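Here are a few friendly notes to read with the model open beside you. Take the points one at a time, and find each piece on screen before moving on.

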Protein chains: 2
Amino acid sequence: MALIVQKYGGTSVGSIEKIGKVADKVCALAKSGDQVVVAVSAMSGETNRLLALASEMSEKPHSRELDVIISTGEQVTIALLTMALLDRGCDARSYTGTQIKMLTDSTHGKARIREVQCEAMREDLDAGRVVVVAGFQGVDEHGRITTLGRGGSDTTAVAIAAALKADECQIYTDVDGVYTTDPRVEPKARKLDHITFEEMLEMASLGSKVLQIRSVEFAGKYNVPLRVLHSFEEGSGTLIALEDDKVEQALISGIAFNRDEAQLTMAGVPDQPGVASKILGPITNANIEIDMIVQNVGADGCTDFTFTVHRNDYEVAHELLKKTSVELGAKAVIGDDKIVKISLVGVGMRSHAGIANTMFQTLADENINIRMISTSEIKVSVVVDEKYLELGVRSLHEAFGLDSDGQLSSLAG
Amino acid sequence: MALIVQKYGGTSVGSIEKIGKVADKVCALAKSGDQVVVAVSAMSGETNRLLALASEMSEKPHSRELDVIISTGEQVTIALLTMALLDRGCDARSYTGTQIKMLTDSTHGKARIREVQCEAMREDLDAGRVVVVAGFQGVDEHGRITTLGRGGSDTTAVAIAAALKADECQIYTDVDGVYTTDPRVEPKARKLDHITFEEMLEMASLGSKVLQIRSVEFAGKYNVPLRVLHSFEEGSGTLIALEDDKVEQALISGIAFNRDEAQLTMAGVPDQPGVASKILGPITNANIEIDMIVQNVGADGCTDFTFTVHRNDYEVAHELLKKTSVELGAKAVIGDDKIVKISLVGVGMRSHAGIANTMFQTLADENINIRMISTSEIKVSVVVDEKYLELGVRSLHEAFGLDSDGQLSSLAG
């Protein structure tokens with residue numbers, strides 16, 4: 001008998017018919033003898049409907065009251081799913097975030113979970129009941145309703161799995177797993193059977209939108225095996241877990257990319273201590289997040305300083321940078337919002353040299369110019385012109401043998 | 001400084017614009033220095049939308065989970081109203097039934113209030129905050145969400161007013177008060193400035209749909225002055241309170257009527273002990289509510305037994321009665337669903353004779369035949385043919401001087 005926590009997102013519970021199908025799945029699992037907790041999101045479109053209602057009422061809705069209204073979305077789903085389970089002869093009970101006592105801090109709109117109380121859930125599970133929990137929501141120490149931010153239902157599921165020491169946390173979604181890269185860009189992309197938490201974190205932060213990044217962090221921290229599966233198709237999905245020493249790791253697990261970035265360069269800025277913070281200070285003060293940062297020392301005592309921001313922040317950052325460049329006596333400010341970042345991700349990289357070089361060679365063979373490079377222990381990222389995205393991803397996908405199950409032996413050590 | 005509990009129903013909060021208007025009113029009252037608690041219903045149409053969703057999911061939705069889903073309706077309203085108040089610079093806080101701890105029994109769908117916890121509300125009120133409470137809902141001792149049944153928001157408001165010992169409980173609705181009779185039947189109907197709890201109970205139970213009957217009982221029991229007012233029009237409404245000895249009571253406060261009844265008679269049934277329960281037993285076993293009952297002893301050892309039921313139950317009750325009449329050897333079963341009940345209500349009746357006689361005489365003068373008569377301490381009801389409803393009500397309204405502020409002196413004892 002296993003204890004399984006399942007999470008179904010908004011599209012998986014987007015209609016009465018789909019909730020019925022979810023109930024069928026949950027019911028079958030429960031009847032096989034497993035203990036089941038199900039966390040659900042609001043029906044797709046519902047959160048936006050409630051947000052629109054709040055925006056109609058108030059130009060800047062009070063965050064505490066906004067949580068009161070949007071948390072009703074999941075409350076509707078838990079009731080509907082529990083009704084459906086009861087109709088199928090599967091004993092079940094619904095819980096709001098307040099009822100289960102998903103204790104969070106009081107940061108309305110993006111609260112962080114502090115503690116999950118398990119007594120009531122344990123009691124239900126031991127009595128053979130399925131526990132249906134409203135995802136995305138919690139309650140603070142004063143009994144006020146909080147929400148965890150968009151995608152927070154994944155985090156709800158992982159937090160419950162961690163608290164109950166569940167055997168597995170299954171995230172049901174509209175894809176059948178994590179892929180080596182986006183199949184819309186590279187049709188030969190292959191579903192991964194397993195991937196490590198670290199790799200998944202890098203993939204997620206680089207724009208693979210399968211899982212919410214906080215839920216992966218959470219799962220890694222508490223070592224909760226996480227599985228991504230398709231809601232309505234058969235398959236074993238992708239298991240995200242700790243690195244397994246016994247299994248030989250692939251060198252590269254996947255290729256992530258991000259089309260949402262823009263590049264800004266301050267060229268010919270006198271190289272002196274504190275220049276980096278002088279350049280970036282005004283940007284971060286404007287609440288603009290910075291991703292990659294690259295600085296080269298030049299021969300003439302000047303340096304070129306380059307960084308990337310979200311494309312939506314490009315215009316504002318550009319203006320700020322122009323002001324700073326005058327103060328610092330820089331030669332020029334150059335910007336480009338037609339760039340993309342492509343990243344190789346894989347824990348195998350740690351113990352094998354030559355990954356970066358193979359990457360650069362592969363791109364050079366295709367005449368793709370690399371504009372920036374940034375590396376971490378399990379990732380190599382490059383920035384290239386936007387028009388090279390598909391060509392770059394496909395050539396790297398082939399070069400690193402991701403098209404098939406094997407890896408190119410020539411790359412090993 | 002007074003403590004006022006206000007209740008706004010579904011049509012009063014039926015749109016963003018209307019909620020804004022309610023916020024204006026509440027804000028003005030709070031700024032005048034009064035302490036204010038506001039109980040609200042779901043936006044009109046919302047409860048039905050949620051019920052429809054539940055019905056689509058399940059043929060017979062589980063009552064506990066039904067309460068989980070429909071209680072979201074009021075939760076949306078409290079958040080919107082509180083946002084609107086905060087936007088107007090009026091400090092406010094919202095509470096669900098669970099948060100305020102409106103403790104009820106576990107009868108889902110028609111729970112009864114056991115206790116209202118006041119600490120949090122008192123704290124808010126003392127801090128100058130408006131307290132916004134979700135009407136219609138509560139929580140049982142196990143933390144499960146309950147609802148009080150349709151119209152339960154009135155009861156919520158009265159329960160809170162009783163618990164806080166409020167100076168007045170104001171029920172805002174789409175009429176400007178309680179009338180001597182339905183103005184659609186008698187255009188000369190006059191708004192009453194005050195009426196007693198007992199009279200209001202009789203009026204409510206006889207089909208005046210201004211207030212939910214349970215809320216009036218509750219208000220009477222705890223002596224909470226209740227005022228019915230129009231949500232968006234000026235006026236002092238109707239105050240429902242204890243009988244005031246100092247003010248001379250009107251003989252008759254109002255004329256209520258009920259078009260929803262049907263009459264059934266078992267004629268010529270042998271008069272013997274237990275015959276009443278033999279006739280009514282099968283009817284009540286079928287969950288059919290019986291209103292008036294009249295039995296006359298005849299000369300031949302037989303009796304005619306007549307009662308009224310809701311018109312929707314007429315066919316079923318008729319069939320049941322026919323079966324029973326065979327068993328009891330009755331001569332005939334006669335039924336009529338084209339009847340109405342007209343009632344005079346007034347505490348003044350207690351100390352004055354002649355009310356019933358004036359009523360019968362007035363109807364006789366109009367050639368209206370009375371089919372049944374039933375009396376209580378503060379009420380006289382007659383059943384007449386449906387076609388005489390308007391004529392009967394208008395002639396009685398005039399005969400008892402309800403058209404103007406005075407009462408006919410000739411009636412005074």
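Predicted model: local features only at pLDDT ≥ 70, side-chain atom pairs only at ≥ 80, totals over all residues.

1. Helix 2 (residues 46–57) of chain A packs against helix 4 (residues 72–87) of chain A at an angle of about 145 degrees, and their axes are 9 Å apart. Two packed helices are described by just this pair of values, the angle between the axes and the distance between them. The crossing of helix 2 and helix 4 of chain A is right-handed.

2. Which residues of helix 2 of chain A meet helix 4 of chain A? Look for Glu46(A), Thr47(A) and Leu50(A) on helix 2 of chain A; on helix 4 of chain A, their partners are Thr72(A), Gly73(A) and Val76(A).

3. Now bring in the second chain. In the contact between the chains, 27 residues of chain B touch 27 residues of chain A. Helix 1 (16–31), helix 2 (46–57), helix 3 (63–70), helix 4 (72–87) and helix 5 (97–100) of chain B each supply at least two residues to that side of chain B. Which helix of chain B gives the most? Helix 4 of chain B does, with 11 residues. By class, the side of chain B that touches chain A holds 15 nonpolar, 9 polar and 3 charged residues.

4. How are the two copies related? Chain B is superposed on chain A by a rotation of 180 degrees with 0.1 Å of shift along the axis, and the RMSD is 0.1 Å. The two copies are therefore related as by a two-fold rotation axis. In chain B, the C-alpha nearest that axis belongs to Thr72(B), 2.7 Å from it. Both copies use the same surface: 100% of the contact residues of chain B recur in chain A.

5. Finally, move along chain A to a sheet. Its 4 strands form an open sheet in the order 13-18-20-19, with antiparallel pairing. The edges are strand 13 (254–258) and strand 19 (370–376) of chain A, each pairing on one side only. On average, neighbouring strands of this sheet are turned by 20 degrees against each other, direction ignored.

6. For a closer look, follow strand 19 of chain A and strand 20 (residues 379–385) of chain A, which pair in the antiparallel sense over 6 bridges. Thr375(A) stands opposite Val380(A), a residue of strand 20 of chain A. Helix 12 (residues 355–365) of chain A lies across strand 18 (339–345), strand 19 and strand 20 of chain A, and runs at about 20 degrees to strand 20 of chain A.

Conventions
Residues numbered from 1 in each chain as written. Chains lettered and ligands numbered in written order. Pairing = 2+ DSSP bridges. Axes fitted to C-alpha atoms, helices over the stretch in contact; angles between N-to-C directions. Contact = placed C-beta atoms within 7 Å. Least-squares fit on C-alpha atoms with pLDDT ≥ 70 in both. Left-handed = near helix turned anticlockwise from the far one by under 90°. Nonpolar A, V, L, I, M, F, W, Y, C, P; charged D, E, K, R; others polar.
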